[in-house]
Amino acid sequence: MAPPRGNNTGNAGKTGRSLGRRSMLAGAASLTALGTLGTTTACSRVSSADTGDGGDLLERLKVQGTVKLGIAGEQPYSYIDTDGKLTGSSPAIARVIFRRLGIENVQPLPTEFNSLIPGLNSQQFDVVAAGMYINPDRCQQVLFADPEYEMRDAFIVRKGNPKGLHTYKDVAEKGAKMATGVGYAEIDYAVDAGVKKSEIKLLPDQLAGLLEVQGGRADVFAGTAITVRNVVKQSKSGKTEYTDDFVPTLDGEPDLGTGAFAFRKSESNLRDAFNEELQKMKKSGELFRIMKPFGFVEQEMTTKTAKERCK
């Protein structure tokens with residue numbers, strides 16, 4: 001999930017350097033239905049004062065037995081399935097790691113992508129589990145675990161790709177009508193390639209993007225490769241397709257976005273404990289085995305660290 005550089009607030013998604021269901025339709029509907037959950041349960045949040053010693057949230061969550069996850073309803077990162085259950089690669093990873101840390105339950109708190117960091121820092125939930133891209137701006141506001149994946153971009157276009165759109169430069173040079181998600185990193189990528197920011201249509205998610213292209217109101221919807229692949233594969237209309245994935249550029253340099261869990265700045269002990277378990281899963285191959293069913297491929301795994309991405 002990849003919101004843009006300078007955005008204070010998450011592919012799948014996701015600026016690159018700075019950073020966005022078994023049925024997508026059902027998942028979106030379920031997410032809306034669970035909006036009340038995010039409102040009511042926030043009142044029972046665990047306080048987390050900045051003690052300057054790495055925080056004690058981990059110990060208090062062990063006693064409480066439940067960790068609250070901020071999610072943004074983007075497949076395949078974190079979303080609500082047709083049975084109203086929390087799923088996605090991030091919740092799947094969270095269940096394993098937090099159980100090993102002595103916390104048995106995870107509770108989803110759905111919110112808009114741009115509200116994830118504000119919600120985390122106002123203690124509405126304990127961790128952001130939404131595949132949020134790491135970038136220097138966000139690193140000033142939250143602590144990131146090491147990333148679990150790195151991701152290229154791709155487009156949703158009409159069947160046959162009549163305008164031949166394969167890169168952001170194509171979009172700019174051909175004057176194509178572009179759409180992407182609110183806060184997505186793809187905004188910065190497109191502007192870097194010459195697309196006017198004022199002419200980019202911002203939509204709530206990739207399903208809305210597919211419908212926009214399908215209806216002819218946009219020539220292209222830009223997103224992370226995995227979110228684009230998944231939503232087109234789930235569509236039964238046959239009116240759209242996804243392009244080959246590609247590495248976008250930012251400030252003239254190739255930029256692969258990396259997604260990770262985010263924690264409050266005061267809770268480095270929790271982040272460090274989480275990271276330790278995550279690294280074990282990477283080394284054993286367990287992390288990829290967990291993520292593979294959600295559409296990730298081995299080339300999208302990464303050994304990069306949060307420290308590298310925060311520079």
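In what sense do strand S8 and strand S11 pair, and over how many bridges? I looked this up in what is a predicted model. S8 (residues 153–158) and S11 (residues 220–224) run antiparallel to each other, paired over 5 bridges. Within this pair, I found Val 157 standing opposite Val 220 of S11.

**Entry: the sheet around them.** I then went through the strand order, which reads S10-S9-S11-S8-S12. That makes an open sheet of 5 strands, and the pairing is mixed. I checked the edges next: they are S10 (201–203) and S12 (240–242). Each has a single partner strand, so one side of each has no neighbour in the sheet. From one strand to the next, I get a twist that averages 30 degrees.

**Entry: helix over sheet.** Which strands does helix H9 lie across? I traced H9 (residues 206–214) across S8, S10, S11 and S12. Against S8, its direction is at about 35 degrees.

**Entry: helix on helix.** H9 also packs with helix H10 (residues 225–234), and I noted an angle of about 60 degrees with the axes 10 Å apart. Angles of 65 to 115 degrees would count as roughly perpendicular and those under 35 as roughly parallel, so I have H9 and H10 down as oblique to each other. Their crossing is right-handed. On the H9 side I listed Gln 206, Leu 207 and Leu 210 as making the contact; on the H10 side, Thr 227, Val 231 and Val 232. Sorted by class, this H9 contact with H10 comes to 4 nonpolar and 2 polar residues, with no charged ones.

Conventions
Residues are numbered from 1 along each chain as its sequence is written. This is a predicted model: local features need pLDDT of at least 70, side-chain atom pairs count only at pLDDT 80 or more; totals for chains, interfaces and linings use all residues. Side-chain values use heavy atoms; hydrogens and water are left out. Two strands pair if DSSP finds at least two bridges between them. Helices (H or I, at least four residues) and strands (E, at least two) are DSSP runs, numbered from the N terminus. Axes are lines fitted to C-alpha atoms, for helices over the stretch in contact, and angles run from 0 to 180 degrees between N-to-C directions. Contact means heavy atoms within 4.5 Å. Angles under 35 degrees count as roughly parallel, over 145 as roughly antiparallel, 65 to 115 as roughly perpendicular and the rest as oblique. A crossing is left-handed if the near helix is turned anticlockwise from the far one by less than a right angle, and right-handed if clockwise. Ala, Val, Leu, Ile, Met, Phe, Trp, Tyr, Cys and Pro count as nonpolar, Asp, Glu, Lys and Arg as charged, and the others, Gly among them, as polar.
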